[in-house]
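Colleague: I am new to this model and would like to go through it step by step. May we begin with the sequence and the structure side by side?

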Amino acid sequence: MNLTILAGSSNRSLAEAVAGQLGTTLGSVGIYRFPDGELHLEVQQSIRGDDVFLVQSTSPPVDSNLLELLLLADACRRAGAARLTAVIPYFGYARQDRRATGREPVSARVVADLLQVSGLRRVVAVDLHSPVLEGFFWVPFEHLTAVPTLADTVRPIVTSKSVVVAPDLGAARLADTYAHLLHLPVAIVHKTRVSGEAVSVTGITGAVRGRAPIIVDDMISTGGTIEAATRALLSSGCLPDISVVATHAVLVGTALQRLSSLPVQRLIVSNSVEQPATLSPLIQTVSLGTLLAEAIGRLHRDESLEDLLVHR
Ligand code: R5P
């Protein structure tokens, strides 16, 4: 069966790198807007009988990128793709996986339903906010992790004074995984979310005084979580040598300025969300190209993904 890689517009450079590592090029897709703003796209080559992988992050503009993915899946299904897999390096809406208050939607569930009715028959994602998302899908869901690759990038800066820090309770298991890979102790910041942009810290569990924190999280959006954790760590006597590691650098609004105003020495992230051509010197980007190409190659050949998956 022929392997075809197609991409929406969210993260072309990553999709091209993935296709390149698989010894192919991206298939041709035309994406347009009608004068009234409606999205229209067209797969510009035959994909009948192909094993098709659609690479698209649902990063900002989230709804537009999500709709591209849904329409692309429908186009592929109608064009006779034999197998159809979405590869979603950054999965938007993943944080809305439950009702926090009354009369809210479970938006992640709605997105899961939309992806499945569009014709996708398998989904691949990376370091989701919560692994419960897999249960929202009845199609096979492969949850890959970039953590070993990110930990390899952090390793050279680890010293005997380093400590891995979870900036909230939700990141505690992730911090455990990094601590295990880097042979470091763990501390946990206790956070309460005040609004979409603001969080407050109520305490820290674990020793941070005189230590150099490596704060780990699945994603950075507004930077509020990292800022609050950093200030709490400094108040608790940590060294002004702070590193931040996160898979998904969504970095909305003034997030980068927010982090630059703190004694954060380095920000290590993946390219699941496409970054501007000129990057802040603070940011070190690790490519997901090899991980995604390996996963796609194995799925195409019906081989195990065991060592590439999240086991948290
Ligand atoms: C939430 O629990 C996540 O793991 C992140 O900590 C959070 O979503 C990051 O968002 P922000 O950067 O806006 O605080």
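Colleague: How many nonpolar, polar and charged residues does the shell around the ligand have?

Modeller: This is a predicted model, in which local features need pLDDT of at least 70 and side-chain atom pairs count only at pLDDT 80 or more, while totals for chains, interfaces and linings use all residues. Residues are numbered from 1 along each chain as its sequence is written, and side-chain values use heavy atoms, leaving out hydrogens and water. Ala, Val, Leu, Ile, Met, Phe, Trp, Tyr, Cys and Pro count as nonpolar, Asp, Glu, Lys and Arg as charged, and the others, Gly among them, as polar. By these classes the shell has 2 nonpolar, 6 polar and 6 charged residues.

Colleague: Which element gives the most residues to that shell?

Modeller: Helices (H or I, at least four residues) and strands (E, at least two) are DSSP runs, numbered from the N terminus. Two or more residues come from each of strand 9 (186–193), strand 11 (212–220) and helix 6 (224–235). With 4 residues, the element that gives the most is strand 11.

Colleague: How far is an oxygen atom of the ligand from an N or O atom in the side chain of D218?

Modeller: D218 is among the residues that come nearest to the ligand, as are R95, D217, T222 and T225. For H129, a polar side-chain atom lies 3.5 Å from a ligand oxygen atom. In the side chain of T225, an N or O atom is 2.5 Å from a ligand oxygen. For D218, the distance is 2.5 Å.

Colleague: Is T222 buried or exposed?

Modeller: T222 has its place in the loop between strand 11 and helix 6, and a polar atom of its side chain lies 3.1 Å from the backbone nitrogen of G224. Buried means under 20% relative accessible area, exposed over 50%, and partly exposed in between (1.4 Å probe, protein chains only). Because its relative accessibility is 14%, T222 counts as buried.

Colleague: What is the omega of the cis peptide bond that joins P60 and P61?

Modeller: Most peptide bonds are trans. P61 lies in the loop between strand 4 (51–55) and helix 2 (62–78). The cis bond from P60 to P61 has an omega of about -5°.

Colleague: What is the phi of L251?

Modeller: Most residues other than glycine have a negative phi. Y93, in the loop between strand 5 (83–88) and helix 3 (107–117), has a positive phi near 75°. L251 lies in the loop between strand 12 (242–249) and helix 7 (255–260) and, at 15% relative accessibility, counts as buried. The phi of L251 is also positive, near 45°.

How values were computed
Near = heavy atom within 4 Å. Polar contact = N/O pair within 3.5 Å; in protein donor to acceptor, adjacent residues only side chain to side chain.
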